[in-house]
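Dear colleague,

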Amino acid sequence: MAERTIISASERRRTGNRIGMSITHVFLFVTLVIAGLGPILWLAKSAITPTQDTIQQPFALWPNGMDWANLSTAWNDIHIDQYFFNTIVIALGAWFTQLFIATTAGYALSVLRPRYAPILNALVLATLFIPGIVLLVPLYLTIVNPPFLPDGANLLNNYLAVWLPMGANAFNILLVKRFFDNLPREVFEAAKTDGAGPFRLFWSVVLPMSKPILGVVSVFAIIAAWKDYLWPMLVLPNPVVQPLSVRLPAVQSQTELDVFLAALAIATLIPIAMFLLFQSVFLRSAGLGGAVKG
């Protein structure tokens, strides 16, 4: 069956309409490329451009040649390699904790559905109405004097201080729960009939059917951890364990412009890679098709 569109096939064959549509498509494509890729391409160009060229001719394409040494200087001399590694560790830990808590909590609220599930769901929803800045001080005091640890012990300069608060993300829990609510219940009943317990149902049935939402939560978690500034700055005061988002502003005043732009370009690699890796997950409903056979 042919797809129904605003412009019918007969109108599309007319010369005037075809030319108008082609011009519109080209205009939209160029506009989107300039608005979306323009800043990234300019940053990539400036990362290997000498400082004077960037200041005097910011949009010129290497008037005096390229300076590839900017990348090696940013990587080694201002220790971008160390901060890059710290950021990856923080992002992976945040990804795991958010994915683990979101999927298990969403599974409990949507699939297991205990009698008190509506109360838990309301409590999780209520946390979205509390501004994050209000929780900053009590959360910091909890990190400085955490429960269940000996007196004098704290989680400062410990990545757990970043991972654990990020894991308690009510938005992700409700997002995953909403997705689980739309999964076919016939599959769950069939799995239970075959003897699958709650853990087996979660691991072998629910998670394989939930690839789209797992990809969405993964992107949200890693991007949020990659760009977070305030909380890592508070709980990771030691520069040795700080991520790029904290260290780059700190070294900006002590670094040449071309080297600093090269460091910024390096810092964008993971978000770009995440987009390229998960873009198809947003556009397809993997695992849902064919789950229920008529």
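A pocket, as the word is used here, is an open set of grid points where a 1.4 Å probe fits, with protein on both sides within 12 Å along at least five of seven lines, and its volume is the space filled by probe spheres set on those points. Please keep in mind that this is a predicted model.

By that definition, the second largest pocket has a volume of about 220 Å³. Its lining is made up of Trp95, Phe96, Leu99, Phe100, Thr103, Thr104, Phe199, Phe202, Trp203, Leu207 and Leu214, which divide into 9 nonpolar and 2 polar residues, with no charged one. Helix 5 (80-112) and helix 11 (198-206) each contribute at least two residues to this lining, and the largest share, 6 residues, belongs to helix 5.

The largest pocket, for its part, has a volume of about 750 Å³. It is lined by 21 residues, of which Gly132, Leu139, Pro165, Met166 and Ala168 are the closest to its centre. The elements that give two or more residues to this lining are helix 7 (132-144), helix 8 (160-167), helix 9 (170-181) and helix 13 (230-235), and helix 7 gives the most, with 5 residues.

With best wishes

Terms used: Residues numbered from 1 in each chain as written. Predicted model: local features only at pLDDT ≥ 70, side-chain atom pairs only at ≥ 80, totals over all residues. Heavy atoms only, no water. 1 Å grid on protein atoms, 1.4 Å probe; cavity = no way out; pocket = protein on both sides within 12 Å on 5 of 7 lines; lining within 4 Å. Helix = DSSP H or I, 4+ residues; strand = E, 2+ residues; numbered from the N terminus. Nonpolar A, V, L, I, M, F, W, Y, C, P; charged D, E, K, R; others polar.
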